[in-house]
Amino acid sequence: MQGIEIDLESAFKELGEIKPEWRKISREGLDLDYALLFSKRLADRIMNQLENDVEYYSGNLTKVKIFGKLYNIPRQQVAYGDEGLTYRFSGVTIPAKTWIPPLKSIRDLIFRLTGVEYNFVLVNRYRNGSDHIGEHRDGESDLDPSAPIASLSLGQQRQFVLKHGDCRKKGPAKRDVPKVTIELQHGSLLLMNPPTNQYWYHSLPPRKNANDVRINLTFRKIV
């Protein structure tokens, strides 16, 4: 059953009322912008509609390939985007479904905020605190390296952890670079600006006391 399309005019009115304050987070090779974008009322409305309208993958599209073997991902996932687009990661190629009205509306709103014309969105649904995503970089060759990844969080607040790649090395090349941790709030937008994905890994670790659903939309520009 389809929900009611999000009204951009109402969304922009809401944005004007809350006046988002962007917080810049910078480290060596890391450039992030973070803001609480939507009020709880509007964020609830958007999330309810996505819960109603988004159709998640099933079968092999719910798996990743590690050392040649397929494993179930610990979350629900689907992609939407322009016709013919695909995205490759972890040994799997996922096709984009056709845009649905709420995702198009959010995409257009983020374009007006950022000036970036995104053509693809990856939707991850974390059913509870056991669902998670491990350390990784979004460094696939399909991505436009000059465009930030825009990550919209809805629902359960979760901890987002960034770790410098040098911390993962062995021997003399390994360095002790402090992690960066952000609490991603309901209705918040995080911009991962270049060159962040070149140097930093990010993850959403399990959290035992997170009992509610979280939906994350990562808007990307694929070339």
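D131 touches P74, R75, R125, Y126 and R158, leaving out residues up to four places away in sequence, where contact means heavy atoms within 4.5 Å. D131 lies in the loop between β9 and β10, with helices (H or I, at least four residues) and strands (E, at least two) taken as DSSP runs and numbered from the N terminus. This is a predicted model, in which local features need pLDDT of at least 70 and side-chain atom pairs count only at pLDDT 80 or more, while totals for chains, interfaces and linings use all residues. Residues are numbered from 1 along each chain as its sequence is written, and side-chain values use heavy atoms, with hydrogens and water left out.

**D131 and its partner R127**

- D131 counts as buried at 7% relative accessibility, where buried means under 20% relative accessible area, exposed means over 50%, and partly exposed lies in between (1.4 Å probe, protein chains only).
- The side chain of D131 makes a polar contact with the side chain of R127 at 2.7 Å; a polar contact is a pair of N or O atoms within 3.5 Å, and within protein one must be able to donate a hydrogen and the other to accept it, while residues adjacent in sequence count only if both atoms are side-chain atoms.
- R127 also forms a salt bridge with D131, with the closest N and O atoms 2.7 Å apart, a salt bridge being a side-chain nitrogen of Lys or Arg within 4 Å of a carboxyl oxygen of Asp or Glu.
- R127 is partly exposed, at 38% relative accessibility, whereas D131 is buried.

**Other salt bridges**

- Side chains of opposite charge can pair when their charged atoms come close.
- The structure holds 15 salt bridges.
- One of them joins the side chains of E51 and R125, at 2.8 Å from N to O, and this pair links distant parts of the chain, with E51 in helix α2 (residues 40-53) and R125 in strand β9 (residues 120-126), 74 residues apart.
- Within that pair, E51 is partly exposed, with a relative accessible area of 33%, while R125 is buried, with a relative accessible area of 15%.
- The side chains of K221 and D144 meet in a salt bridge at 4.0 Å, N to O, and the two residues are 77 residues apart, K221 being in the segment after β16 and D144 in the loop between β10 and β11 (149-155).
- K221 is partly exposed, with a relative accessible area of 31%, whereas D144 counts as buried at 14%.
- E28, D166, K169 and R175 are linked in a network of salt bridges.

**Aromatic pairs**

- The structure holds 2 aromatic pairs; rings of Phe, Tyr and Trp (its six-membered ring) pair if their centres lie within 6.5 Å, and planes under 30 degrees apart count as stacked, over 60 as edge-to-face and the rest as tilted.
- Y87 and F120 form a tilted pair, at 5.6 Å centre to centre and with 45° between the planes.
- This pair links distant parts of the chain, since Y87 is in strand β6 (residues 86-89) and F120 is in strand β9, 33 residues apart; both Y87 and F120 are buried.
- The rings of Y118 and F219 have their centres 6.3 Å apart and their planes at 55°, so this pair is tilted.
- Y118 lies in the loop between α3 (101-114) and β9, and F219 lies in strand β16, so the pair ties together parts that are 101 residues apart in sequence.
- Y118 counts as buried at 4% relative accessibility, and F219 is buried with a relative accessible area of 0%.

**Positions listed by UniProt**

- An unreviewed UniProt entry lists N124, Y126, H136, H202, R214, T218 and R220 for "binding site"; UniProt positions are given in the numbering used here, feature names are shortened, and annotations may be inferred rather than shown by experiment.
- The lining of the largest pocket takes in N124, Y126, H136, H202, R214, T218 and R220 from this set. On a 1 Å grid over the protein atoms alone, a pocket is an open set of points, where a 1.4 Å probe fits, with protein on both sides within 12 Å along at least five of seven lines, and lining residues have an atom within 4 Å of a point.
- H136 lies in strand β10 (residues 133-136), and the side chain of H136 reaches the backbone oxygen of G134 at 2.8 Å.
- H136 touches W200, Y201 and H202, not counting residues up to four places away in sequence.
- R220 is placed in strand β16 (residues 214-220) and counts as buried at 4% relative accessibility.
- Leaving aside neighbours within four places in sequence, R220 is in contact with Y87, Y118, N119, F120, L122, D138, L143 and I149.
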